Amino acid sequence: MKFLHNLTITDYQDATIHPDDRGYYFGDGIYEVFRIYNGRLFQEDAHLVRLARSAAELRIPLPYGLPEITGLMYKLLEEDPVEEGILYLQITRGAAPRGHAFPPEGTQPVLTAYCKPLPRNRDKITGGIRIVSVPDIRWLRCDIKTLNLLGNVLAKQEAVERGADEAVLHRSGTVTECSSSNIMMVKDGTLWTHPADNLILPGITRQVVLEQARTVGIPVQEAVFSLEELYSADEVLITGTTTEVTPVILIDETPIAGGQPGPITRQLQREYQTLFM
Ligand code: PMP
């Protein structure tokens with residue numbers, strides 16, 4: 001395994017990070033997870049646009065231009081080829097003596113990345129998953145893909161401890177998203193999902209699936225819905241770079257669609273898979 005540190009690629013076990021890195025102190029950084037299919041990055045432009053937006057919102061200067069970052073990622077993939085996996089990339093505000101305010105001008109942001117094999121989770125994609133509802137206690141800028149993920153970490157851990165695969169988050173009963181994926185429901189043939197505002201991460205997979213749904217004539221509603229409405233949905237699915245389109249068959253104690261992946265979910269899965277299979 002290899003490790004990209006700014007412009008240098010080393011062996012993963014030789015990686016060194018400065019103890020004053022603000023990513024370590026404050027989670028002061030941003031990241032992206034790219035899917036690798038057939039040895040190539042999937043939806044890389046959309047991920048890079050989101051990376052640049054996250055950087056701008058947090059006023060972290062990008063250390064390199066987007067074409068240069070793309071070049072670095074492909075150089076990493078060339079030195080460490082992966083057929084089916086992920087490329088993780090993060091940028092922190094850099095290393096400086098600890099202090100909450102931004103570090104002195106000229107502090108170099110630190111870009112790191114690696115790729116690793118990760119097979120598609122074919123069992124869950126086919127058979128569906130169980131999720132549990134958890135209050136959404138995160139901050140009000142969930143649209144920024146920051147390293148600060150404690151709300152997500154605690155929610156996922158609760159899901160694991162309750163024997164589930166994922167946590168669906170809600171603010172006073174209004175469904176937002178999941179701990180590491182977006183959520184959608186099908187009701188009377190319409191696909192519903194939370195609007196892409198400050199309360200959710202604007203998922204790349206979410207965007208692709210919504211576009212494909214519109215193209216094949218499935219009506220789409222980007223509007224809020226409640227946990228109660230989710231329980232009584234005809235179908236529920238989650239979307240994400242690594243989860244792709246995964247059916248939800250149980251929420252808390254309530255089976256969805258009779259505990260089986262539904263037909264519109266299956267259709268959306270087929271559409272999504274045409275993009276890389
Ligand atoms: N929401 C959250 C909180 C996430 O962590 C993720 C995974 N990055 C998503 C949604 C899905 O986003 P994407 O489709 O871009 O992977």
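1. Between which two strands does the loop that holds aspartate 252 lie? In this predicted model, aspartate 252 sits in the loop between strand 14 (244-251) and strand 15 (254-255). The residue has a positive phi of about 50 degrees although it is not a glycine, and it counts as partly exposed because 14 C-beta neighbours lie inside 10 Å.

2. A positive phi of about 50 degrees is also found at asparagine 38, again not a glycine, which is placed in the loop between strand 3 and strand 4 (40-42). Asparagine 38 counts as exposed, because it has 9 C-beta neighbours inside 10 Å.

3. The domain assignment divides the chain into domain 1 (2-117) and domain 2 (122-273), and the centres of domain 1 and domain 2, taken over C-alpha atoms, are separated by 27 Å. Contacts between them involve 17 residues of domain 1 and 11 residues of domain 2. On the side of domain 1 that touches domain 2, strand 3 (29-37), helix 2 (44-58) and strand 5 (85-92) each contribute at least two residues, and by class this side comprises six nonpolar, seven polar and four charged residues.

4. The largest nonpolar core has 35 residues, of which Ile131, Ala167, Val168, Val236 and Val248 touch the most other members; helix 6 (residues 204-215) gives the most to this core, with five residues. Apart from this core lies another, of 22 residues, including Leu4, Ile30, Phe34 and Tyr114.

5. For valine 168, leaving aside neighbours within four places in sequence, the contacts are Ile131, Ser133, Val175, Cys178, Ile183 and Ile251.

Key: Residues numbered from 1 in each chain as written. Predicted model: local features only at pLDDT ≥ 70, side-chain atom pairs only at ≥ 80, totals over all residues. Core = buried A, V, L, I, M, F, W, Y, C linked by C-beta atoms within 7 Å. Buried ≥ 20, exposed ≤ 12 C-beta atoms within 10 Å, placed from the backbone. Helix = DSSP H or I, 4+ residues; strand = E, 2+ residues; numbered from the N terminus. Contact = placed C-beta atoms within 7 Å. Domains from an automatic or database assignment. Nonpolar A, V, L, I, M, F, W, Y, C, P; charged D, E, K, R; others polar.
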